[in-house]
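Hello,

Here is the structure I promised to pass on to you. Please have a look at it first, and then read on for what I found.

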Amino acid sequence: MKKISYSKDVDALLIELSNDAIAYAENEGDVILHYSQDDKLILVEILDFRRLVSTETISELLTA
């Protein structure tokens, strides 16, 4: 499953790459990478997303 969503409450873009369970995460500055037990990338969080894109782009994400 691949799913992209925007969390307005925490201002983060969430990119889900798999339904597998998350075992651990690594913080890479404004990006948090979540991995499964066998080191498969499960979820990517891009923090402070409003700083990176226009208001119009965020509006499109919220209505999609």
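This is a predicted model: local features need pLDDT of at least 70, side-chain atom pairs count only at pLDDT 80 or more; totals for chains, interfaces and linings use all residues.

**The core**

Leu33 also belongs to the largest nonpolar core, which has eight residues. As a background remark, nonpolar side chains in soluble globular proteins tend to be buried together.

**The strands around S5**

Five of its seven residues are buried, so S5 is largely enclosed by the rest of the structure. S5 pairs with S2 in the antiparallel sense, over five bridges. The hairpin of S4 and S5 has five residues between the strands, and in it Asp39 takes a positive phi near 65 degrees.

**Aromatic pairs**

How many aromatic pairs does a search of the whole structure find? The search finds two. In one of them, the ring centres of Tyr6 and Phe49 are 6.0 Å apart and the planes are at 45 degrees, so this pair is tilted. Distant parts of the chain are linked by this pair: Tyr6 is in strand S1 (residues 3-7), while Phe49 is in the loop between S5 and helix H1 (55-63), 43 residues apart. Tyr6 counts as buried because its relative accessibility is 10%, and Phe49 counts as buried at 7%.

The other pair is formed by Tyr24 and Tyr35, and it is stacked, with 5.3 Å from centre to centre and 20 degrees between the planes. This pair also links distant parts of the chain, with Tyr24 in strand S3 (residues 24-28) and Tyr35 in strand S4, 11 residues apart. Is Tyr35 buried or exposed? With a relative accessible area of 16%, Tyr35 is buried, whereas Tyr24, at 31% relative accessibility, counts as partly exposed.

**Salt bridges**

Side chains of opposite charge can pair when their charged atoms come close. The count here comes to three salt bridges.

- Arg50 and Asp11 form a salt bridge in which the closest N and O atoms are 3.9 Å apart. Arg50 lies in the loop between S5 and H1, and Asp11 in the loop between S1 and strand S2 (12-16), so the pair ties together parts that are 39 residues apart in sequence. Arg50 is partly exposed, with a relative accessible area of 40%, whereas Asp11 counts as buried at 15% relative accessibility.
- Lys40 and Asp20 meet through their side chains in a salt bridge of 3.2 Å, N to O. Lys40 is in the loop between S4 and S5 and Asp20 in the loop between S2 and S3, so parts 20 residues apart in sequence are tied together. Lys40 is partly exposed, with a relative accessible area of 39%, and Asp20 counts as partly exposed at 37% relative accessibility.
- Arg51 and Asp30 form a salt bridge with their closest N and O atoms 2.0 Å apart. Arg51 is in the loop between S5 and H1 and Asp30 in the loop between S3 and S4, 21 residues apart. Arg51 is exposed, with a relative accessible area of 53%, and Asp30 is partly exposed, at 32%.

**Two more residues to look at**

Ser18 is found in the loop between S2 and S3. Its side chain reaches the backbone nitrogen of Asp20 at 3.0 Å, and Ser18 counts as buried at 10% relative accessibility.

Thr55 lies in helix H1 and counts as exposed, because its relative accessibility is 58%. Thr55 and Ile15 are 40 residues apart in sequence, and their C-alpha atoms are 19 Å apart in space.

Enjoy exploring it!

Best wishes

How values were computed
Residues are numbered from 1 along each chain as its sequence is written. Side-chain values use heavy atoms; hydrogens and water are left out. A nonpolar core is a set of buried Ala, Val, Leu, Ile, Met, Phe, Trp, Tyr and Cys residues joined through side-chain atoms within 4.5 Å. Buried means under 20% relative accessible area, exposed over 50%, partly exposed in between (1.4 Å probe, protein chains only). Rings of Phe, Tyr and Trp (its six-membered ring) pair if their centres lie within 6.5 Å; planes under 30 degrees apart count as stacked, over 60 as edge-to-face and the rest as tilted. Helices (H or I, at least four residues) and strands (E, at least two) are DSSP runs, numbered from the N terminus. A salt bridge is a side-chain nitrogen of Lys or Arg within 4 Å of a carboxyl oxygen of Asp or Glu. A polar contact is a pair of N or O atoms within 3.5 Å; within protein, one must be able to donate a hydrogen and the other to accept it, and residues adjacent in sequence count only if both atoms are side-chain atoms. Two strands pair if DSSP finds at least two bridges between them.
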